[in-house]
Amino acid sequence: MIYQKVKGMLDYIENEADKFRYIEKCVTDEIKKHGFREIITPILENTEVFVHSVGDESDIVTKEMYTFFDKGNRSLTLRPEGTAPVARSYIENKLYSRPSLTKLYYFGPMFRYERPQAGRYRQFYQFGVEAFGDSSPLLDGDLIYSGYKIFERLGIKDIVLKINSIGDFLSREAYAIKLRQYFFSYRDRLCEDCQRRLEKNPLRILDCKVDRNQPYFRTAPKISDSLTPASRAYFQKALDYLTLLGVSYEIDYNLVRGLDYYTEIVFEYIYQGDDDFKGLAICAGGKYSNLISDFGGPDIPGIGYAFGLERIMALMDRQNLFPALDSGADIVIIALDELSKEHSLYLANILRNRGYRTEIDYYHTTLKPQFRFAERLNALFIIIIGEEERINKSITIKNTKRKTQETIKEEKLLDYLKEH
Ligand code: ATP
Ligand code: MG
């Protein structure tokens, strides 16, 4: 019986794991410059945390959550997204009592029971940020810009920022009424989910992946016509700041985002290259004015976004953006008899302490297989120790790039390595 990984989940092995960590490092280095500190929350939350925030009509809550009862009969859920847990923690730990804005980032696995396909998995990694405590288009512009800087840092091309305002509560109330009226005349053509959404949450219809391409979608009322003057002005300010920072954007009136907690500004960074990934969202986010208060916290707004790591990785592979990932060793020590083997173990660890990635072959004492081992690891230096070297307290060292070989006193080895 050969066991297989769970459907829709990935193993990252060696080079793939190196790429994964490379992305993590670039992204976290960049975001720290923008003043964000890390938060690590549990992967499990009480189910209610997501139902209450993401919304009970959202795809995530209705279809995609990994929910189960633990032995104490509590309903728990593997987190499908990062904002709700961070908001939960923010309130539970009373971070709002700080005088200033709290800027947090997270990085970790998320779980959604979706149909697996390119760029869509059941366990996937998100890097995300949340800023709590200020409602200002200046903050919004700056935060959206930090996402732009991350694409720049990674070198990813062909990304476009799509942005929209879904307004404040009043704007959305007015819009929901217009949408309900409009879609009511197409109700027979709507998918089953959207027929239900029509009653409960008509905005969700705009995020439907089934109905999205229908012609009647294009002529649906636009949220921009229902925005209150305050929401309209707020949106325009944020757009002005993006222009100031040199970020070009497209306003997408159908962009509403699949989660219920958003208000005012929502945005996505979309891949626009000419291949099968075209149209895929790499990063998405928005402002949420009421999430913290809905969770029983004070009336404090937040804004955030999340990047999908697998999608970043796939694009970076396609655009050839990973540096040459050196998988091997700096030094391989070849030992030609039992006693030399013993000595090589000692020497290897001295070299490791000095920062050299050093490997030995634990098994062979003949030359050929050990040379092959060194070649496979692409070792820059090969050290050879045999009986003669041992007696003379010397080593033979090959520089594989310069193609030189010499025998030197072992005590001179560190100097030799420094010079070569
Ligand atoms: P989509 O519209 O593609 O389903 P979404 O709106 O559900 O995305 P968000 O909840 O906003 O996505 O998550 C933010 C980012 O996380 C997405 O832009 C994407 O890069 C990534 N992401 C979301 N779902 C998955 C998944 N199942 N597999 C891999 N990455 C994902
Ligand atoms: Mg989705």
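A: In the side chain of Arg 311, an N or O atom lies 3.0 Å from an oxygen atom of ligand 1, which counts as a polar contact (a pair of N or O atoms within 3.5 Å). This is a predicted model: local features need pLDDT of at least 70, side-chain atom pairs count only at pLDDT 80 or more, and totals for chains, interfaces and linings use all residues. Residues are numbered from 1 along each chain as its sequence is written, chains are lettered from A and ligands numbered from 1 in the order in which they are written, and side-chain values use heavy atoms, with hydrogens and water left out.

Gln 126 also has a side-chain N or O atom 3.0 Å from an oxygen atom of ligand 1, and for a polar side-chain atom of Arg 112 the distance to a ligand oxygen atom is 2.7 Å. On its own, ligand 1 has 590 Å² of accessible area (Shrake-Rupley method, 1.4 Å probe), and the protein covers 92% of that area. Two or more residues of the shell come from each of E6, strand E10 (281-288) and strand E11 (302-308); strands are DSSP runs of at least two residues, helices of at least four. E10 contributes the most, four residues.

The shell counts 16 residues, of which Arg 112, Glu 114, Arg 120, Tyr 121 and Arg 257 come nearest; a residue belongs to it if one of its heavy atoms lies within 4 Å of the ligand. Seven are nonpolar, three polar and six charged.

Strand E6 (residues 123-132) runs antiparallel to E5, joined to it by ten bridges; two strands pair if DSSP finds at least two bridges between them. Opposite Gln 126 of E6 stands Gly 108. Strand E5 (residues 102-111) has nine of its ten residues buried, that is, under 20% relative accessible area (1.4 Å probe, protein chains only). Strand E1 (residues 37-38) runs parallel to E5 through two bridges, with Leu 104 as the partner of Arg 37.

The structure holds 28 aromatic pairs, whose ring centres lie within 6.5 Å, with planes under 30 degrees apart counted as stacked, over 60 as edge-to-face and the rest as tilted. The rings of Tyr 186 and Tyr 216 have centres 4.7 Å apart and planes at 20°, so this pair is stacked. Phe 267 and Tyr 305 have ring centres 6.4 Å apart and planes at 75°, so theirs is edge-to-face. Phe 267 belongs to strand E9 (residues 263-271) and Tyr 305 to E11, so the pair ties together parts 38 residues apart in sequence. Both Phe 267 and Tyr 305 are buried. They belong to a cluster of linked rings that also includes Tyr 105, Phe 127 and Phe 307.

Terms used: Buried means under 20% relative accessible area, exposed over 50%, partly exposed in between (1.4 Å probe, protein chains only). A polar contact is a pair of N or O atoms within 3.5 Å; within protein, one must be able to donate a hydrogen and the other to accept it, and residues adjacent in sequence count only if both atoms are side-chain atoms. Ala, Val, Leu, Ile, Met, Phe, Trp, Tyr, Cys and Pro count as nonpolar, Asp, Glu, Lys and Arg as charged, and the others, Gly among them, as polar. Rings of Phe, Tyr and Trp (its six-membered ring) pair if their centres lie within 6.5 Å; planes under 30 degrees apart count as stacked, over 60 as edge-to-face and the rest as tilted.
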